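User: I would like to go through this model and ask, for each label attached to it, what the label rests on. Please set the values against the cut-offs as you go.

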Number of protein chains: 2
Amino acid sequence: MTVHTTRAKRTTPAERILKVADKLFYQDGIRAVGVDRLIAESGVAKASFYRAFASKDDLVAAWLDQRDQQWRIWLQTSVDQLAPRAQDKPLAVFDALDARFRQSTFRGCAFINTITELARLDHPGAHAARRHKESVRALLASLLKDAGYKDFEALALIFLQLIDGAIVAAVREGKPDAALRARQLAELVLAARSKKTQ
Amino acid sequence: MTVHTTRAKRTTPAERILKVADKLFYQDGIRAVGVDRLIAESGVAKASFYRAFASKDDLVAAWLDQRDQQWRIWLQTSVDQLAPRAQDKPLAVFDALDARFRQSTFRGCAFINTITELARLDHPGAHAARRHKESVRALLASLLKDAGYKDFEALALIFLQLIDGAIVAAVREGKPDAALRARQLAELVLAARSKKTQ
DNA sequence: ATAGGAACAGACAGGTCTGTCTCTTTTATC
DNA sequence: GATAAAAGAGACAGACCTGTCTGTTCCTAT
């Protein structure tokens, strides 16, 4: 090996495409963004695009799977930062949301948006979106369990629904207030439930 | 006037188009339904379509305005039927939602779907959607005020957010359970608030 | 009865969409 | 340095999109 590829490998076409797709799909919606635009903005040849992804639908699924992972990492680290103690983590979810709602790029939940935009339930993107929500539900259940709540499974479903409502309301209103309202609702729920398992 | 148009007037092209648009836009999404399909399924000539509506965007706005009216009438009559007494009406909203979620045609809130599909905030459809949500908020505030709740304005915002969350969750899950969860949350909120103004 | 407008039917234009294909240039491996 | 795969550039096909325009038929009002 004469050269070893010592030089840091440049980003692959797939990586660049995914990065651009994340921005454009989230910002403008899936159907509003054509393959030609994805190619132009990522500086990739059309043949490279279709070598990396079998179709646009494939890219949509890959995008959502990547975003799912990033989103859960974001939530976990945000919650850990905002609430060091396990018992405080569940409610910190809504503080994390509050911060996210204030970002100028915020345009709702990419997964909800995908489900509503792609009405067909069998679209690969719709499947990815449902997988994401199930993952988040499991993450919430884990937080609630560690915080000592007995019926953490039922609570996780409620929390997920509060999150969905907060996101939609924040988009509608163009304000982050919905996060605080959801947090107060969550506080009520937790206060009403039998608090600890032991 | 010899003939007086005694005979019941047949439906106008605009009415037929709106009826088909209501079905197709809601079922498949706005961008997924082309003008040609609307024309074919409503049995209308293309010239008639563009005589009735200046553009497809115009039709979208007209559709949403019509649906807004129908939706509020539906909610009001459902609530009146489910809860004759003013103090019971606010929570009956969620029983009405429950019934709606069970319909096989249910595919979420047309207005939320429109906002998320048409990312552009200045689209006439987006404006119609925001007008609708504001109307519903006012309707909820009225129900809550008549039920005797002092801070009915704040409560209406919370109820609207609970409704949004329930709708999204119901679509996600493909089950109507979210309506009951939202109702229980609403019960908690009402119980926690200072109940009456007098 | 007849004139005028509304509705139907469909061709057409100009653009955009996804996906395929060719050709050239770069990059990596031996 | 030679060879092969990867990537860039872009033409092309076929379908679909919105919106316009030209005829023909029907209904209605005088």
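Analyst: This is a predicted model. The residues in question are Ala110(A), Phe111(A), Ile112(A), Asn113(A), Thr114(A), Ile115(A), Thr116(A) and Glu117(A).

User: What do the buried residues of α6(A) pack against?

Analyst: Within chain A they pack against α1, α4, α7 and α8, and from chain B the partners are α6 and α8. In chain B, α6(B) is mostly covered, with 8 of its 8 residues buried, and what covers those buried residues includes α6 and α8 of chain A as well as α1, α4, α7 and α8 of chain B.

User: Why is Ser42(A) called buried?

Analyst: A residue counts as buried if 20 or more other C-beta atoms lie within 10 Å of its own. Ser42(A) has 21 C-beta neighbours inside 10 Å, and therefore it counts as buried. This residue lies in helix α2 of chain A, and, leaving aside neighbours within four places in sequence, it is in contact with Arg16(A), Ile17(A) and Val20(A).

User: And what makes Asp58(A) partly exposed?

Analyst: Asp58(A) has 14 other C-beta atoms within 10 Å, so it is partly exposed. Its place is in helix α4 of chain A, residues 56-82, and, not counting residues up to four places away in sequence, Asp58(A) touches Phe53(A) and Pro124(A). The C-alpha atoms of Asp58(A) and Leu118(A) are 14 Å apart in space, while the two residues are 60 residues apart in sequence.

User: Why are the buried residues of α9(B) said to lie on the same side of the helix?

Analyst: The buried residues are Ala178(B), Ala179(B), Arg181(B), Ala182(B), Leu185(B), Ala186(B) and Val189(B). They cover an arc of only 165 degrees around the axis, and this is why they are placed on the same side of α9(B). They pack against α8 and α9 of chain A together with α5 and α8 of chain B.

User: Which elements make up the side of chain A that touches chain B, and which gives the largest share?

Analyst: In total, 33 residues of chain A are in contact with 33 residues of chain B. The elements of chain A that give two or more residues to this side are α1, α6, α7, α8 and α9, and the largest share, 12 residues, comes from α8(A). By class, this side divides into 17 nonpolar, 7 polar and 9 charged residues.

User: Which residues touch the most other members of the largest nonpolar core?

Analyst: They are Phe159(A), Ala166(A), Phe159(B) and Ala166(B), in a core of 121 residues. Phe159(A) touches Pro90(A), Val93(A), Leu140(A) and Ala186(A), not counting residues up to four places away in sequence. As background, in soluble globular proteins nonpolar side chains tend to be buried together.

User: Which residues come nearest to DNA strand C?

Analyst: Of the 21 residues around DNA strand C, the nearest are Gly34(A), Val35(A), Ser55(A), Ala45(B) and Lys46(B). At least two residues of this surface are supplied by each of α2 and α3 of chain A and α3 of chain B, and α3(B) gives the most, with 4 residues. The surface has 8 nonpolar, 7 polar and 6 charged residues.

User: What is the overall make-up of chain A?

Analyst: Chain A has 9 helices and 0 strands, and buried residues make up 40% of its 198 residues. Of the contacts in chain A with a separation of 6 or more, 63% are between residues 24 or more positions apart.

Conventions. Residues are numbered from 1 along each chain as its sequence is written. Chains are lettered from A and ligands numbered from 1 in the order in which they are written. This is a predicted model: local features need pLDDT of at least 70, side-chain atom pairs count only at pLDDT 80 or more; totals for chains, interfaces and linings use all residues. A residue is buried if 20 or more other C-beta atoms lie within 10 Å of its own, exposed if 12 or fewer, and partly exposed in between; C-beta atoms are placed from the backbone. Two residues are in contact if their C-beta atoms, placed from the backbone, lie within 7 Å. Ala, Val, Leu, Ile, Met, Phe, Trp, Tyr, Cys and Pro count as nonpolar, Asp, Glu, Lys and Arg as charged, and the others, Gly among them, as polar. A nonpolar core is a set of buried Ala, Val, Leu, Ile, Met, Phe, Trp, Tyr and Cys residues joined through C-beta atoms within 7 Å. A residue is near a molecule or strand if its C-beta atom, placed from the backbone, lies within 6 Å of it. The arc is that of the directions from the helix axis to the C-beta atoms.
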